[in-house]
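Please keep the viewer open as you read.

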Amino acid sequence: MIRLSGTTRPLLLLLFAALLLSGSGCSRLHNMKFFAHKDDPIETMPVDQLYAEGHKQLEFGNFQHATIDYKRLVSRFPYGPYTEQAQIDLIYAEYKDNNFDDASAAVDRFIRTYPTHRHIDYVYYMKGLIDFNRDSQVLARIAQLDMSLRDQGAPRQSFNDFANLLRRFPNSRYAPNARQRMVYLREELAKHEINVGLFYLSRQAYVAAANRGQYVITNFPQSQCDGDALALMAESYKRLGDAKLADDARRVLQANHPDHPWLTGNWPHKEGLLRKMNPFATGQ
């Protein structure tokens with residue numbers, strides 16, 4: 001058993017008393033906060049005023065406050081036109097506040113609850129927009145990283161979301177913008193496959209590299225990466241010692257992209273792909 005000295009025991013008693021007082025103080029503060037929350041005017045506002053308050057905060061760009069107002073409205077008034085519009089506005093507020101997971105969850109709830117709502121096409125559009133911007137702002141701002149080098153789960157999902165919108169609502173007012181974003185995403189996905197293929201090439205995984213090039217040709221025909229895909233295939237087959245396949249790829253590349261640098265021995269570039277793929281090395 002550990003024996004406490006005469007000087008240690010009073011110190012421990014003081015510490016224990018301080019902890020009790022601290023807990024009691026926290027409890028009082030919690031109760032004060034609770035009663036202050038109960039007296040908050042938002043708890044007695046009629047639904048139209050509560051929605052107007054949330055919409056005002058949304059227009060001012062105070063997305064966190066708007067989110068609180070909309071959630072309180074939905075909690076107090078589970079049904080009605082104000083509640084439906086508040087849930088739509090909540091999706092936008094969460095999205096603008098970079099709460100992408102919460103925004104996506106709000107989209108899924110709305111689609112399940114109001115599948116035939118007159119603004120359901122907007123909700124499907126927001127689903128694609130949320131995934132389109134997921135993580136990209138942080139990477140672009142902090143790492144200054146080529147977006148084709150990041151994980152492609154969110155871009156692929158965004159592409160599928162926009163495709164779903166166009167399939168369900170081809171005449172939606174949001175369809176033209178969705179198509180433009182899909183064109184951009186298609187190029188990014190193709191570029192990503194080329195980057196992965198170049199990585200395999202640098203690791204002497206030539207079959208895997210050639211397969212990535214073939215994947216781009218098959219799944220992203222007429223993309224801006226067609227030339228790089230053919231060059232990746234030609235280089236991979238050459239290093240594998242398959243002269244026939246290498247010549248076939250060279251011939252197609254020569255016919256369609258006669259200015260591609262691989263034809264003059266200047267591709268892939270010797271700038272260090274691994275360093276390029278490292279976000280902490282960018283901009284050094």
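The report below goes from the overall fold to one helix and its packing, then to the cores and a few backbone details.

## The chain as a whole

Please bear in mind that this is a predicted model. The chain contains 13 helices and zero strands, so the run of elements from the N terminus reads α-α-α-α-α-α-α-α-α-α-α-α-α by the DSSP assignment. Of the 284 residues in the chain, 39% are buried.

Among contacts with a separation of 6 or more, 58% join residues 24 or more positions apart. The chain exposes about 17,300 Å², and carbon and sulfur atoms supply 55% of that area.

## Helix H4

H4 covers residues 81-96.

The buried residues of H4 are Thr83, Ala86, Gln87, Ile88, Asp89, Leu90, Ile91, Ala93, Glu94 and Tyr95. They pack against four helices: H2 (47-60), H3 (63-76), H5 and H6. After H4 comes Asn98, which has a positive phi near 65°.

## H4 against H6

Two packed helices are described by the angle between their axes and the distance between the axes. For H4 and H6, the angle is about 10° and the axes are 11 Å apart. H4 is therefore roughly parallel to H6, because angles under 35 degrees count as roughly parallel.

On the H4 side, the contact is made by Ile88, Ile91, Tyr92 and Tyr95. H6 brings Tyr122, Val123, Met126, Leu129, Ile130 and Asn133 to the contact.

In soluble globular proteins, nonpolar side chains tend to be buried together. Here the largest nonpolar core has 27 residues, and those with the most contacts inside it are Ile91, Tyr95, Phe110, Val123, Ile130 and Phe162. The elements that give two or more residues to this core are H4, H5 (100-113), H6 (120-133), H8 (153-168) and H9 (175-202). Which helix gives the most? That is H6, with nine residues.

Leaving aside neighbours within four places in sequence, Ile130 is in contact with Ile91, Tyr95, Phe100, Ala103, Ser104 and Val107. Apart from this core lies another one, of 24 residues, among them Ala231, Met233, Leu253 and Trp267.

## Backbone details in the loops

Trp267, one of the residues of that other core, also takes part in a cis peptide bond: the bond from Trp267 to Pro268 has omega near 0°. Pro268 is found in the loop between H12 (243-256) and H13 (273-277).

Two glutamines are worth a look as well. Gln204 is found in the loop between H9 and H10 (206-219), and its phi is near 65°, a positive value in a residue other than glycine. Is Gln204 buried or exposed? Its relative accessibility is 60%, so Gln204 counts as exposed. Gln222 is found in the loop between H10 and H11 (226-240), and the phi of Gln222 is positive too, near 65°. With a relative accessibility of 76%, Gln222 also counts as exposed, because the cut-off for exposed is over 50%.

Definitions and conventions
Residues are numbered from 1 along each chain as its sequence is written. This is a predicted model: local features need pLDDT of at least 70, side-chain atom pairs count only at pLDDT 80 or more; totals for chains, interfaces and linings use all residues. Side-chain values use heavy atoms; hydrogens and water are left out. A nonpolar core is a set of buried Ala, Val, Leu, Ile, Met, Phe, Trp, Tyr and Cys residues joined through side-chain atoms within 4.5 Å. Buried means under 20% relative accessible area, exposed over 50%, partly exposed in between (1.4 Å probe, protein chains only). Contact means heavy atoms within 4.5 Å. Accessible areas come from the Shrake-Rupley method with a 1.4 Å probe; for residues, only the protein chains shown count as cover. Axes are lines fitted to C-alpha atoms, for helices over the stretch in contact, and angles run from 0 to 180 degrees between N-to-C directions. Angles under 35 degrees count as roughly parallel, over 145 as roughly antiparallel, 65 to 115 as roughly perpendicular and the rest as oblique.
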